[in-house]
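Below is a short report on one helix, the chain contacts and the domains. Have the model open alongside the text.

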There are 2 protein chains.
Amino acid sequence: MRKSVAYLGPPGTFSEEAAILYQSEAELIPFSSISQVVSAVDKGVVGEGIVPIENSIEGSVTDTLDLLIHEVNLLLKTELVLPIEHHLLSQKEVNLSDIQMIFSHPQVISQCRKFLERSLPQARVTPTLSTAAAVEQMMSYPGEGVGAIGTHRAATLYGAHTLLRCIQDYPQNLTRFVVVAKHDHVRTGNDKTSLCLSFSEDRPGLLYEVFQEFAQRNINLTKIESRPSKESLGRYFFLIDLEGHREERVIAQVLKKVELKSSQFKILGSYPRFIPRPENRFGRREG
Amino acid sequence: MRKSVAYLGPPGTFSEEAAILYQSEAELIPFSSISQVVSAVDKGVVGEGIVPIENSIEGSVTDTLDLLIHEVNLLLKTELVLPIEHHLLSQKEVNLSDIQMIFSHPQVISQCRKFLERSLPQARVTPTLSTAAAVEQMMSYPGEGVGAIGTHRAATLYGAHTLLRCIQDYPQNLTRFVVVAKHDHVRTGNDKTSLCLSFSEDRPGLLYEVFQEFAQRNINLTKIESRPSKESLGRYFFLIDLEGHREERVIAQVLKKVELKSSQFKILGSYPRFIPRPENRFGRREG
């Protein structure tokens, strides 16, 4: 049976690009929300799903984190990092000053905020549910004074005209995607492990004690993030990424100690660190 | 001259409710984005601005944090906590099964996700720029098979019908707002201090050393949050809230030590802790 991978659609999103980079030969199935991608894997409808988890400008994709913490028991199997480039698209060649409305996804709007304030102060911003939907709505709008912020692939798919390339405010814009599945990855020698935990007591000193366990064993933490417990303001889940695989002896030992200090504790998986190939890092993926 | 307070408008948003709770006698001026509220205070157009900074379900309002870290040198003067209640509104009494489209702000949609999947699976979701805009667009839509998720105040302002009250997935839904100004607050004896810092080295052990400085002096941290540095994936700013005022001797000393360990360091202000009055905590504010 052909392998199937769920992604956040419709076609033309960065998630589709990530899915193609991950497994171009698999059957790539679009879903309309991150929650639906994760749920399809959880219910066994598809074998794997690919979702964004972090952007270098915007920070964590909180929908993804919250689903992994609260809703499912899936594991992270792989990570991929993709450069994010936003283009200003239109139906045909127009002057910037003639654009009265801009369609895009709220997170993309926020990543191009300075550009919009500077170059399109007259344009009203209309939020859409995805970058691909933005391009689709823009193309079917009656009248030419409209634009969309979208991907190169969405422009190709919907036949849009590219007015300006790479309009994002920060040039170093990268998104980290993860592949979720029922199992994580075997050891490769260059791995990361993600976990989340919370404390029954509202005492931040407990987090300090957890850090101490890792620091004493020279285990490098690559990320610390807090997410609300959803129970009350000021109570958090902490997400920690560390270097190493959960099956390595030292890591396994410290995880056991940390679990004892936590009221809730969940290993989100061990997986190989993403090492960018030059063409992924700097190149443009066409089509 | 009458005091002026900027807030994230239009009228009918939770930010307006927070502004009324903060200073009902001041001139409350709506702005169309968090960035515009903060910029109005920064340029001296208004004396103070009120913006959401954290929600008990969704987590931090990253726009607010990023503006305070990267864009302006404003200080936090006060915090307020507001219960968030989302209502399903319509033009008139209709059956849930007749609603084909729902307008709301993406964050609100996400806070009512389970309700929408369970009770309105047929309805297409249309994102809007605010909860108030959702109600306005719903009311002016040709046809009655539409709904909006909005506030009690927005329902009153736009004459909408309340179909169902409190449809949010998690009952304990609170938002913390902060008042930003050119100066923070004098000592009151029950204060908090917010700061942010980053490290030039990519070594998470440094954060552990900073925690150690606070732990050794029994200074309680009430919040730790990481935000991307916007320079590269895996480099962060850390936001820390602690108990005490920056002018207290012990706090002032430890802040000096922590500053020496940081490559970038910024005190975001000291301000009184919010103590909910019973009517703010459980009551409904009418009008």
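In helix H2 (residues 34-42) of chain B, the buried residues are Ile34(B), Ser35(B), Val37(B), Val38(B) and Val41(B). Buried means that 20 or more other C-beta atoms, placed from the backbone, lie within 10 Å of the residue's own. Viewed down the axis of H2(B), these buried residues fall within an arc of 160°, so they line one face of the helix. The arc is taken from the directions from the helix axis to the C-beta atoms. Helices (H or I, at least four residues) and strands (E, at least two) are DSSP runs, numbered from the N terminus.

The buried residues of H2(B) pack against helix H5 (113-119) of chain A, and against elements of chain B including strand E1 (4-8) and helix H3 (62-71). Just after H2(B), Gly44(B) has a positive phi of about 80°.

This is a predicted model: local features need pLDDT of at least 70, side-chain atom pairs count only at pLDDT 80 or more, and totals for chains, interfaces and linings use all residues. Residues are numbered from 1 along each chain as its sequence is written, with chains lettered from A and ligands numbered from 1 in the order written.

Now the chain contacts. 37 residues of chain A are in contact (C-beta atoms, placed from the backbone, within 7 Å) with 37 residues of chain B. E13(A) gives the most to the chain A side, with 7 residues.

| Class | Residues on the side of chain A that touches chain B |
|---|---|
| Nonpolar (Ala, Val, Leu, Ile, Met, Phe, Trp, Tyr, Cys, Pro) | 16 residues |
| Polar (the others, Gly among them) | 13 residues |

Chain A is divided into domain 1 (4-83 + 174-272) and domain 2 (87-164), with bounds from an automatic or database domain assignment. Their C-alpha centres lie 32 Å apart.

How values were computed: Two residues are in contact if their C-beta atoms, placed from the backbone, lie within 7 Å. A residue is buried if 20 or more other C-beta atoms lie within 10 Å of its own, exposed if 12 or fewer, and partly exposed in between; C-beta atoms are placed from the backbone.
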